[in-house]
Amino acid sequence: MSTTHPLEIAAARGQWHPQGAYLNTASYGLPPDCAWDAMQSALEDWRGGRTSWEHWGDSTEGARAAFAAIVGVEPETVATAATVSELLGLVAASLPDGTRVLAPDIDFTSVLFPFMAQAHRGVTVRLVAPAELADAVDGATDVVAFSAVQMATGEVCDIEAIRAAAEAHGAMTVVDATQGIGWLPLDAARFDVVVCHAYKWLMSPRGTAFMTVRPERLAGIVPAAAGWWAGDDPHTSYIGGPLRLADTARRLDSSPAWFSWVGTQPALELVLAIGVEAIHAHDVALANRFRDGLGLEPSDSAIVSAEVPGARERLEAAGIVAAERDGRMRASWHVYNTEGDVDAALDALVGA
Ligand SMILES: Cc1ncc(COP(=O)(O)O)c(C=O)c1O
C-alpha cells in the first residue's frame with residue numbers, strides 16, 4: 001500500500017472485534033480479521049491434510065519483510081524466533097567472558113535474565129532506574145540493554161540519549177521494543193540489536209518474535225539455534241553436512257511455528273498499510289484523553305499507569321479489561337480503541 005494513501009484507522013476498524021472496551025494490549029493485542037482469517041484457513045488445511053507445508057513457512061519471510069519495513073531496515077538483517085528471550089539468549093551467550101551489562105532495574109525479565117544467566121562466565125548486570133540509564137553509561141559499560149517502553153509503567157525511555165551515551169563509550173546497544181513497535185516509530189538501524197515480540201502491539205499470535213542485527217554485529221553472534229531452516233537454502237538443507245548456514249541474519253532463526261507466522265504476516269502488513277505514525281497519534285491521543293479525565297498531565301506513551309483505588313474491580317464491573325502491575329492500574333490504548341472506550345473507562349473509574 002502506498003504511503004501517500006494510507007489506510008485510515010476509521011476505515012480499518014471493522015478488522016477488530018473487541019467485546020467491550022479492551023485496554024490491555026500491553027498484555028496481548030487483538031487480531032485483525034486478516035490475521036484471524038488467514039490462520040483459520042491454514043488450520044482447516046492442516047486438519048484436512050489438504051496441502052503441503054512449504055507455504056506456511058513462506059509466511060515467515062513475508063512477516064520478516066513487513067517487520068523490516070516497519071522499523072526501517074533490510075529484511076536480511078532480521079532474525080526470527082518464537083520468543084524475545086531466546087533471541088536475547090543468543091546475543092548474551094555470544095558476549096565475551098566478563099562483559100559488563102547495564103540495564104533498567106524495573107525491566108522485563110526476558111531482557112534481564114538472558115544476560116544474568118551468563119554470570120558463570122563473569123558477565124555482570126548493573127541495574128539503575130530507567131530515567132538514569134543514559135547518565136549511567138560509562139567506560140565500564142560494554143552493553144546497554146533496555147526496553148524502549150517499560151512494560152510495567154509505560155515509561156518511554158530517552159532512547160536517543162541512551163544511544164548517544166552508548167556510542168560515546170563504545171557500548172553495544174540492545175533494545176527490546178516489544179512494548180513499542182506497532183505504535184512508537186523506531187529506527188532500528190540506529191541500534192546494534194532490536195528485539196520485539198509481535199503478540200502485543202503488532203496484534204499477532206504468540207510465538208513470533210524478531211531481532212534486527214546491525215550487519216557488523218552479525219558475525220559475533222553464534223547461531224546456536226540453527227537447524228534446517230537457518231540453512232542457506234532451507235529446502236536443500238534437510239540432510240547431512242557440511243554446515244551451510246544463511247549468510248544473512250536468518251542464520252540466527254529458529255524453525256518457524258507455522259500457524260503463528262501465517263497470522264503474523266497479514267497483521268504486520270495491516271500495520272504498514274495504516275502507518276505507525278498514524279497509530280502513534282491515535283493511541284497517544286486516547287491515552288492523554290484518559291489521563292486528562294484522571295487529572296493527570298499528558299504523556300508520550302500509549303500505556304497509562306496510575307494509582308486509582310479499586311480500579312480493577314470498577315473496570316471489571318463495567319466489563320472493561322485492563323491490567324494491574326505493581327499495584328497500579330495499567331491501561332493500554334491501541335488502534336481498535338475509541339474515544340467511547342476512554343469515556344466508558346472514565347465513567348467506571350471516576351463517574352458519579
Ligand atoms: C518488554 C517485553 N519484552 C518481551 C516480552 C515477551 O518475552 P518472551 O518473548 O521472552 O516471552 C514481553 C511480554 O510481556 C515484554 O513486555
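This is a predicted model: local features need pLDDT of at least 70, side-chain atom pairs count only at pLDDT 80 or more; totals for chains, interfaces and linings use all residues.
Residues are numbered from 1 along each chain as its sequence is written, and side-chain values use heavy atoms, with hydrogens and water left out. Local features need pLDDT of at least 70 and side-chain atom pairs count only at pLDDT 80 or more, while totals for chains, interfaces and linings use all residues.

Side chains of opposite charge can pair when their charged atoms come close. With a salt bridge taken as a side-chain nitrogen of Lys or Arg within 4 Å of a carboxyl oxygen of Asp or Glu, the count comes to 17. In one of them, Arg47 pairs with Glu44, the closest N and O atoms being 3.1 Å apart; both belong to helix H2 (residues 33-48), 3 residues apart, and are therefore separated by about one helical turn. Helices (H or I, at least four residues) and strands (E, at least two) are DSSP runs, numbered from the N terminus.

Another salt bridge joins Arg100 and Asp142 at 3.0 Å, N to O. This pair links distant parts of the chain, 42 residues apart, with Arg100 in strand E2 (residues 100-104) and Asp142 in the loop between helix H6 (133-136) and strand E4 (143-147).

In helix H7 (residues 159-168), Glu160 and Arg163 lie about one turn apart and form a salt bridge with closest N and O atoms 2.9 Å apart. Glu160 and Arg163 also belong to a network of salt bridges with Glu167 and Arg190. Arg163 is buried at 12% relative accessible area, whereas Glu160 is partly exposed at 36%, where buried means under 20%, exposed over 50% and partly exposed in between (1.4 Å probe, protein chains only).
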